[in-house]
Amino acid sequence: MFTSGNPDLQSLMQLLDAAQMGWWKADFRTGELHFSDYIVSLLGLSSNRAAIGELMPLTREDYRKRIHNEFLSLKVGNHFDETFPLVLPEGEVWIHAQLVRKQSDSQQGIKLFGYLQRVPVADRKEADILTLESNYYATLRENKHMDELLDHLPIGYFRIRLLYDDNGRATDYLFLSVNQTAQQILGVDAADYLDKTAREIDLPVDQHIDELAAIGLGDYKMDQWHAAKTGRYCRSFLYNTPNDATEIVILILDITDVVTAHQALDEKEKLLRNVIQNAPIGIEIYDRTGHLVDINARDLEMFGVTDPAGIRGLSIFDNPNFSAEIKDCIREGRGTDFTTRYDFSKARSYYDTSRSGYIDWTARIRCLYNDTGEITHYLLINIDNTELRQTQDRLTEFEALFRLISEYAQVGYTNYNLCNKKGYAQSVWLRNYGEPDTADIGDVIGKYRRVHPDDRTELLHRLAQFESGEIQSASVSCRVLHDDGRTT
């Protein structure tokens, strides 16, 4: 029967014929069915080829529509396992047809391969029993495939069965399945769980058994917790399977990276908020529509606001101390800096303030963007320059007064850097050395071209002592020779 260790095709066909079994192929693209010789002989066909649907009239009428629909549903489905009668010229025969393989390709279309076998049944009851047995073994194969699939899921998977006492109260549960990912996330071994109850492995059953039993048929529950053994943060999804009220599936997702990222972001946000709240400058944050969402303590103090809740939501475009040009810059998404006088009498129509009068105000407006370049917020930085301006004014007044006195008393001063030979000299000082008001200080100190030669030596000696650090102060009288012949 066999040669060279390989089955002989003709012998195999004889075995199939003896088992009253043949093969069939279907091509949905061409709409054709192909049969083995056994099926051709069984059905009394004239050819090994027929159109899909051509043989449906052979199916007994009460089965015809269902079998036709089940077969055509293979365009989207993958299961066909039916036992049904055919009405042939020699009488009624029962056959069992099953899909073995399906191939779907964008170029070739959908192709099917299966077998057809004549079965020794006499009525519908026996046929249904045969179909149930076939479906049972098919279900076992599918469950085995599903178990393998679940074992390699990237999320943790537990399946448990609730156990009840005589009064119908849930008292424990049995572990039915634990996949590899769940073992990795929780740091457990499946052998310690499978076919064991929660109480057997010392789990705190009484703390959560009522919550598990409360999950209704087809209902679900979500929870977030920390796995102490592995230090992983987890989110679990528990649901009651639709077909069995005692069975609960627990899916576990490892969210450690997400939680850690949120914690780091929260810490940075708290640090940033702390910096903003304690900054010595006023800070205001507006949303993309220009409405105030946050403000720091210095800003509240600067503008005399006691209740921050009363000003949240104010529009930056309603601020009467902003010019129309500044508001246009904000609308156009352009940052701007400006310095002006802030008038609290205008601000009273905008918000309640305890301050009055004016402050010298410097403001900086910046637009904040998201990853796609869209404006999300406006940042307004406020600086009160009133004290600085007052100090500058007093200094200006003092300089003007000192200049007036020095002009009157003919007392000049200079500030000179011995290292880079640069500095500043008052015009009176230059004139006292016989130099014009436009003279460079570097052309005077160290040269003393207008000083009497007998006195110049003393000045240069003193200058050398200053440069070497020998002296910190000195007083020298010298004669200055002017162009008009005067000596002072």
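Author: Start with a network: Arg60, Asp62 and Glu92 are linked by salt bridges. A salt bridge here is a side-chain nitrogen of Lys or Arg within 4 Å of a carboxyl oxygen of Asp or Glu. This is a predicted model, in which local features need pLDDT of at least 70 and side-chain atom pairs count only at pLDDT 80 or more, while totals for chains, interfaces and linings use all residues. Residues are numbered from 1 along each chain as its sequence is written, and side-chain values use heavy atoms, with hydrogens and water left out.

Reader: How many salt bridges does a search of the whole structure find?

Author: Side chains of opposite charge can pair when their charged atoms come close. The search of the whole structure finds 26 salt bridges. One of them joins Glu82 and Arg66, with 2.7 Å from N to O. This pair links distant parts of the chain, since Glu82 is in strand β6 (residues 81-88) and Arg66 is in helix α3 (residues 61-72), 16 residues apart. Helices (H or I, at least four residues) and strands (E, at least two) are DSSP runs, numbered from the N terminus.

Reader: Is Glu82 buried or exposed?

Author: Buried means under 20% relative accessible area, exposed means over 50%, and partly exposed is in between (1.4 Å probe, protein chains only). Glu82 has 11% relative accessibility, so Glu82 counts as buried.

Reader: Which residue forms a salt bridge with Asp210?

Author: The partner is Arg169, and the closest N and O atoms are 3.9 Å apart. Asp210 lies in helix α6 (residues 205-213) and Arg169 in the loop between β9 (156-164) and β10 (170-178), so the pair ties together parts that are 41 residues apart in sequence. Asp210 is partly exposed at 48% relative accessibility, and Arg169 is partly exposed at 47%. A further salt bridge joins the side chains of Asp437 and Arg431, at 3.2 Å from N to O. Asp437 is partly exposed, with a relative accessible area of 43%, and Arg431 is partly exposed at 29%.

Reader: Now the rings. How many aromatic pairs does the search find?

Author: Rings of Phe, Tyr and Trp (its six-membered ring) pair if their centres lie within 6.5 Å; planes under 30 degrees apart count as stacked, over 60 as edge-to-face and the rest as tilted. In the whole structure the search finds 20 aromatic pairs. For Tyr63 and Trp94 the ring centres are 5.8 Å apart and the planes stand at 90°, so the pair is edge-to-face. Tyr63 is in helix α3 and Trp94 in strand β7 (residues 91-105), so this pair links distant parts of the chain, 31 residues apart. Both Tyr63 and Trp94 are buried.

Reader: How do the rings of Phe175 and Tyr193 pair?

Author: Phe175 and Tyr193 are an edge-to-face pair, with 4.9 Å centre to centre and 85° between the planes. Phe175 lies in strand β10 and Tyr193 in the loop between α5 (180-186) and α6, so the pair ties together parts that are 18 residues apart in sequence. Both Phe175 and Tyr193 are buried. Elsewhere, Phe303, Phe322, Phe338, Tyr342, Phe344 and Trp361 form one aromatic cluster.

Reader: In what order do the five strands of the open sheet lie?

Author: Strands of a sheet pair through backbone hydrogen bonds, either parallel or antiparallel. Two strands count as paired if DSSP finds at least two bridges between them. The order in this open sheet is β15-β14-β18-β17-β16, and the pairing is antiparallel. The edge strands, β15 (292-295) and β16 (336-343), each pair on one side only. Strand β14 (residues 282-287) is joined to strand β18 (residues 375-384) by six bridges. Among the residues involved, Ile283 has Ile381 in β18 as its bridge partner.

Reader: Which helix packs on the sheet?

Author: Helix α9 (residues 324-331) does, touching β16, β17 (358-369) and β18. Contact means heavy atoms within 4.5 Å.

Technical notes: Axes fitted to C-alpha atoms, helices over the stretch in contact; angles between N-to-C directions.
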